[in-house]
Amino acid sequence: MKELKYLIKALACLLLLPTVADAQILNMGVNFEKLDLPAGFLQSLEKCTPYSGEKGYNRNEVKVNTVYQIIGVQNDLCVLKIDGSTNTSVNIHQECNLPLKTAKTYAEALRRYQAKGYNPRWDEQYINKNRDYQTALEIMSDTKLCRFYRDKIDNTSVIRENLAACTPAEETEITAGLKVTRTIVGNEDESCRYRMTLQKAQTEEPLVKTLSDNLDDLVPEQLALIFECEFDKEKTDFYLQVLEAQVVPAEDGFDYSAAQRISPQEEIGFIFDSCILKTDK
């Protein structure tokens with residue numbers, strides 16, 4: 001039982017790992033990818049000519065897609081829109097209205113910075129000292145020129161909508177290290193039957209592996225932990241409160257760390273104490 005509790009705790013920790021890197025310059029690369037803007041984007045930005053392109057990133061089960069749009073010149077300003085979305089429910093938007101000279105400076109700085117090929121994970125000390133990085137960062141973080149915002153993060157809306165009446169429903173959440181499937185099975189003998197399945201995602205990231213030197217030996221790659229539950233009204237009401245507390249509201253600004261402030265321990269603890277655990281190897 002001690003090893004089992006450790007396993008549950010280790011898997012819960014995977015939920016806390018960042019699903020995407022902190023907002024980079026026009027980029028939402030998974031796990032700190034190098035800046036890799038789509039072909040033609042910088043040329044169009046330099047002259048503020050209309051443009052539309054996108055870049056996709058995949059790492060393990062996390063997928064990111066970033067759409068780049070240059071609307072063109074409106075009221076003597078260059079209108080730029082960037083929309084990044086992930087399959088882990090993180091959606092970030094950037095909207096800029098730049099003076100034409102600033103748009104040209106922005107494009108030139110980005111071109112030189114991209115050519116350096118810096119990796120934000122390993123080259124932070126060089127990035128922070130890079131003059132072009134600082135120039136681009138100053139432009140994009142000027143709230144008079146650009147606005148950043150993140151949509152609400154809500155991975156359990158379907159479950160919450162159906163749990164009170166115990167209407168059958170299913171919802172899957174994917175993080176950088178873990179796949180969580182929540183299932184409302186339905187009413188049975190005046191109880192609500194519910195199931196949660198935890199599976200370790202395939203990963204080669206050192207950050208995941210260093211959670212524990214023994215985690216890979218302890219957790220077989222294909223192991224699924226299945227919790228079978230029967231909730232009365234009191235437990236259903238409490239669980240709904242726990243899930244509601246994990247919703248992260250939409251947020252303006254350049255700080256997207258709220259995505260990493262979701263704490264799954266209370267839910268995992270409640271499920272562990274209230275349900276029967278089965279394993280499927």
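## Exercises on strands and helices

In strand E4, Gln94 is the bridge partner of Ile82. This is a predicted model, in which local features need pLDDT of at least 70, side-chain atom pairs count only at pLDDT 80 or more, and totals for chains, interfaces and linings use all residues. Residues are numbered from 1 along each chain as its sequence is written, and side-chain values use heavy atoms, without hydrogens and water.

**Exercise 1.** State how E4 is joined to E3 and to E5.

*Solution.*
1. Helices (H or I, at least four residues) and strands (E, at least two) are DSSP runs, numbered from the N terminus. Two strands pair if DSSP finds at least two bridges between them.
2. E3 (residues 77-86) and E4 (residues 91-99) run antiparallel and are joined by 9 bridges.
3. Between E3 and E4, which form a hairpin, lie 4 residues; in this turn Ser89 has a positive phi of about 70 degrees.
4. E4 is also joined to E5 (residues 146-150) by 5 bridges, again antiparallel. Here Cys96 stands opposite Cys146.

**Exercise 2.** Describe how the axes of H9 and H10 are arranged.

*Solution.*
1. Axes are lines fitted to C-alpha atoms, for helices over the stretch in contact, and angles run from 0 to 180 degrees between N-to-C directions.
2. The axes of H9 (residues 233-245) and H10 (residues 265-274) cross at roughly 160 degrees and come within 9 Å.
3. Angles under 35 degrees count as roughly parallel, over 145 as roughly antiparallel, 65 to 115 as roughly perpendicular and the rest as oblique. H9 and H10 are therefore roughly antiparallel.
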